[in-house]
Amino acid sequence: MTIIRMALMAWMAGTVAHAARPQTKITVYVRDLASIKPWVGVDAKAWASQMFAWIGIAVQWGIGKRAAEASQPPIFIDLVDNTPANFRPGAMAYTQPCDGPHITVFYDRIDPSSNPSRVLAHVMVHEIAHVLQGVCRHSDSGIMKAQWSPRELREMSFKTLPFAREDVSLIYLGLAVRMTGTSAVDSGR
């Protein structure tokens, strides 16, 4: 099983390297407070990187201190468990885009019988997109849908949910706003 994972990671790295060269770079720091299996985190980051590379964004996964030379403010993700049942019931994660670039993922709400690394990748990409867009909105389908159906959660094991065209436009608009250092409210959105 380890050899298969290593081969998959090598293939994904090659695919990302040969995909359209992402022009925009973002930095994301992940703090694992849920003690997930190391391969789940590595796979999830690789899939999330691939999903963003398809829309021209390169994700740099930060470790340790924030890089001073980053062109965009970093995004922070906490993976947590032991989430109270009455706290945001039904949600796998949350972020408040207007409150800063911080995401909380409820790892204990990801079904372990599913492909947890693929589901985690989708959850992280969904929440990172909220931060990048700087607005609280969802799409009718795809990665930015408010709640995925059981069928969509199963499909994540073998295919990724796409970004809607308007989601990509909002991500790039939000990135432009982030680079100026103003908020979405200041920019008139």
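At 23% relative accessibility, Tyr94 counts as partly exposed. This value comes from a predicted model. Phe87 is also partly exposed, at 35%.

A pair of aromatic rings is described by the distance of the centres and the angle of the planes. The protein has five aromatic pairs. In one of them, the ring centres of Phe87 and Tyr94 lie 5.7 Å apart and the planes meet at 75°, so the pair is edge-to-face. The cut-off for that label is an angle over 60 degrees. Ring pairs also bring in Phe106, giving a cluster of Phe87, Tyr94 and Phe106.

Two charged side chains meet these rings. Arg88 places its charged end over the ring of Tyr94, 4.0 Å from the ring centre. Arg109 has its charged end over the ring of Phe106, at 4.8 Å from the centre.

## Thr95 in strand β4

Thr95 belongs to strand β4, which covers residues 93–95. Is Thr95 buried or exposed? Its relative accessible area is 9%, so Thr95 is buried. The cut-off for buried is under 20%.

Which backbone oxygen does the side chain of Thr95 reach? The oxygen belongs to His102, and the distance is 2.8 Å. His102 is also among the contacts of Thr95 beyond four places in sequence.

## The overall layout

The protein contains five helices and five strands. Along the sequence they follow the pattern α-β-α-β-β-β-β-α-α-α. Of the 189 residues, 45% count as buried.

Take the contacts with a separation of 6 or more: 73% of them are between residues 24 or more positions apart.

## The nonpolar core

In soluble globular proteins, nonpolar side chains tend to be buried together. Here the largest nonpolar core has 41 residues. The members that touch the most others are Phe52, Val105, Leu120, Met124, Ile128, Leu132 and Phe163. Which element gives the largest share? Helix α3 does, with 10 residues.

Beyond four places in sequence, Leu120 touches Ile36, Val40, Ala44, Leu79, Val105, Tyr107 and Ile110.

## Lys159 in a loop

Lys159 sits in the loop between α4 (150–155) and α5. Its relative accessibility is 39%, so Lys159 counts as partly exposed.

Which residues does Lys159 contact beyond its neighbours within four places in sequence? They are Arg118 and His122. Arg118 is 41 residues away from Lys159 along the chain, yet their C-alpha atoms are separated by 9.0 Å.

## Confidence in the model

The mean pLDDT of the protein is 83. A value of 70 or more is reached by 77% of the residues.

Two stretches fall below 50. Over residues 13–19 the pLDDT is below 50, and this stretch has three contacts beyond near neighbours in sequence. Over residues 183–189 the pLDDT also stays under 50, and the model has 13 contacts for them beyond four places in sequence.

Notes
Residues are numbered from 1 along each chain as its sequence is written. This is a predicted model: local features need pLDDT of at least 70, side-chain atom pairs count only at pLDDT 80 or more; totals for chains, interfaces and linings use all residues. Side-chain values use heavy atoms; hydrogens and water are left out. Helices (H or I, at least four residues) and strands (E, at least two) are DSSP runs, numbered from the N terminus. Buried means under 20% relative accessible area, exposed over 50%, partly exposed in between (1.4 Å probe, protein chains only). A polar contact is a pair of N or O atoms within 3.5 Å; within protein, one must be able to donate a hydrogen and the other to accept it, and residues adjacent in sequence count only if both atoms are side-chain atoms. Contact means heavy atoms within 4.5 Å. Rings of Phe, Tyr and Trp (its six-membered ring) pair if their centres lie within 6.5 Å; planes under 30 degrees apart count as stacked, over 60 as edge-to-face and the rest as tilted. A charge sits over a ring if NZ of Lys or CZ of Arg is within 6 Å of the ring centre and within 35 degrees of the ring normal. A nonpolar core is a set of buried Ala, Val, Leu, Ile, Met, Phe, Trp, Tyr and Cys residues joined through side-chain atoms within 4.5 Å. pLDDT is the predictor's confidence in each residue, from 0 to 100.
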